[in-house]
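Let's take a friendly walk through some side-chain pairings and a helix packing. Have the model open as you read.

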Amino acid sequence: MGSSHAHQSGYTGHYCFVTIRAQWLNSVDLSVHLQPGNQRWTVDQSWMFVPLSSRRTQWLHGPSPVTTFGPKACMLQNPHAVMHIQDPASQRLTWNKPPKSVLVIKKIRDASLLQPFKELCTFLTEVKDLMVYVEKKVLDDPAISGDEVFAAITKKFCTFREDLDDISNRVDFIICLGGDGTLLYASSLFQESVPPVMAFHLGSLGFLTPFKFDTYQSQVTQIIEGNAAIVLRSRLQVRVLKENWEKKDTVDEKGIILTNKDLETSRKAMQYQVLNEVVVDRGPSSYLSNVDLFLDGHLITTVQGDGLIVSTPTGSTAYAVAAGASMIHPNVPAIMITPICPHSLSFRPIVVPAGVELQIKLSPDARNTAWVSFDGRKRQEICHGDSITITTSCFPVPSICFRDPVNDWFESLATCLHWNVRKKQNYLSSEDEEF
């Protein structure tokens with residue numbers, strides 16, 4: 001670790017977050033990622049490493065382990081697995097150039113959102129002079145298309161259609177009006193880099209939507225000026241490989257017959273970016289689901305039960321927590337594996353490093369197929385020979401905080417999930433103690 005010139009160097013392998021917070025002689029703070037399996041012993045006397053003091057700071061990363069062992073041994077540095085990262089507590093939004101466009105996502109067919117939607121869009125176009133992107137089906141609502149006064153505003157909009165129009169390089173930031181589902185939907189529209197997301201709580205739960213609409217003008221202005229904290233919500237990169245075992249010979253789109261030797265090229269592969277969770281379940285079958293779970297190519301267990309949830313830290317407070325999992329702060333680099341009603345009393349939810357690769361396959365002796373969904377969408381059947389590969393995506397969702405990542409999260413736990421809410425125990429006076 002003799003050099004402080006860490007960089008990504010195009011590394012795309014799997015890594016887990018091992019944060020090293022150190023103070024060099026020139027007082028440079030460094031955080032790095034290390035690839036699992038590359039931690040080796042070596043001898044290095046060419047530099048001097050000074051650990052930070054034990055005083056608490058605003059860092060969300062824990063105190064770093066000392067990486068020198070005794071007078072001469074230290075950890076071997078792998079240059080391909082080192083990169084600069086910023087501590088989550090200091091992550092704040094900034095703009096290279098002033099934002100010129102905004103995507104407004106509104107919950108469909110919700111009459112209570114019509115007035116906030118019209119007010120916000122009028123403010124963005126008339127006051128802030130921003131180009132507003134809106135999905136076409138939102139404007140097809142008769143309550144919007146039939147409003148002659150608002151029609152002058154809608155003429156300035158840019159519209160798009162999901163799965164048909166690519167807006168990934170056109171939108172500077174996103175505003176969501178509704179519940180948590182609007183944020184999940186915003187994530188699904190961007191399969192690579194995601195613009196910053198500002199979510200207003202206008203739905204039923206609102207765990208991921210920290211902003212209240214009452215003061216939207218000042219809050220939006222603050223975001224445009226680049227004055228806000230953000231939390232990077234990790235996503236799962238999911239690859240589904242479909243293989244049809246029923247047909248030995250298949251015909252491709254051009255009418256060419258593909259034989260068994262062409263089977264690999266005839267497989268259908270689909271990729272998804274998932275913010276909450278991947279759910280594999282037994283579908284309409286009355287039999288137990290029976291799927292094999294692999295971690296970095298090794299079979300770790302066979303899941304027999306109603307199904308399996310693979311979730312991000314953000315998704316740990318969704319379906320996973322209802323299935324008995326722990327709640328994980330979104331800044332914790334991890335993947336959670338939670339069984340759904342397992343037919344085993346000892347099968348508890350587990351947390352694995354964010355850098356591992358998980359693979360789910362139907363067990364060879366499974367009595368029925370399985371079904372998979374991604375953030376509650378794109379539901380499809382999984383048959384023998386199909387596989388689901390899951391890794392942590394390198395494209396997180398930058399979610400804008402109302403205050404900061406820690407306070408917002410605990411506020412959501414208290415207000416949305418009523419975490420640890422109970423009537424307090426009565427005070428015991430000295431007279432009561434005598435009894």
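## A pairing to start with

Which side chain meets that of D281 in a salt bridge? The partner is R379, with 2.9 Å from N to O. Please keep in mind that this is a predicted model.

The D281–R379 pair joins distant parts of the chain. D281 belongs to strand β17 (residues 277-281), while R379 lies in strand β24, 98 residues apart from it. How accessible are the two partners? D281 has a relative accessible area of 13% and is therefore buried, since the cut-off for that class is under 20%. R379, at 43% relative accessibility, counts as partly exposed.

## Two further salt bridges

Side chains of opposite charge can pair when their charged atoms come close.

In one of them, the side chain of D163 meets that of K378 at 3.5 Å, N to O. D163 is exposed, at a relative accessible area of 62%, whereas K378 is partly exposed, at 37%.

The other brings together the side chains of K242 and D386, at 3.6 Å from N to O. K242 is in strand β13 (residues 236-242), and D386 is in the loop between β24 and β25 (387-392); the two are 144 residues apart, another link between distant parts of the chain. D386 has a relative accessible area of 3%, so this residue is buried.

## How α1 meets α6

Now for a helix pair. Two packed helices are described by the angle between their axes and the distance between the axes. For helix α1 (residues 114-127) and helix α6 (residues 216-224), the angle is about 45° and the axes are 11 Å apart. That angle makes α1 oblique to α6. The crossing of α1 past α6 is right-handed.

Which residues make the contact? From α1 come E119, L120, F123 and L124, and from α6 come Y216, Q217, V220 and T221. Sorted by class, the contact of α1 with α6 has 5 nonpolar residues, 2 polar and 1 charged.

Definitions and conventions: Residues numbered from 1 in each chain as written. Predicted model: local features only at pLDDT ≥ 70, side-chain atom pairs only at ≥ 80, totals over all residues. Heavy atoms only, no water. Salt bridge = Lys/Arg side-chain N within 4 Å of Asp/Glu carboxyl O. Buried < 20%, exposed > 50% of the residue type's maximum accessible area, 1.4 Å probe, protein only. Helix = DSSP H or I, 4+ residues; strand = E, 2+ residues; numbered from the N terminus. Axes fitted to C-alpha atoms, helices over the stretch in contact; angles between N-to-C directions. Parallel < 35°, antiparallel > 145°, perpendicular 65-115°, else oblique. Left-handed = near helix turned anticlockwise from the far one by under 90°. Contact = heavy atoms within 4.5 Å. Nonpolar A, V, L, I, M, F, W, Y, C, P; charged D, E, K, R; others polar.
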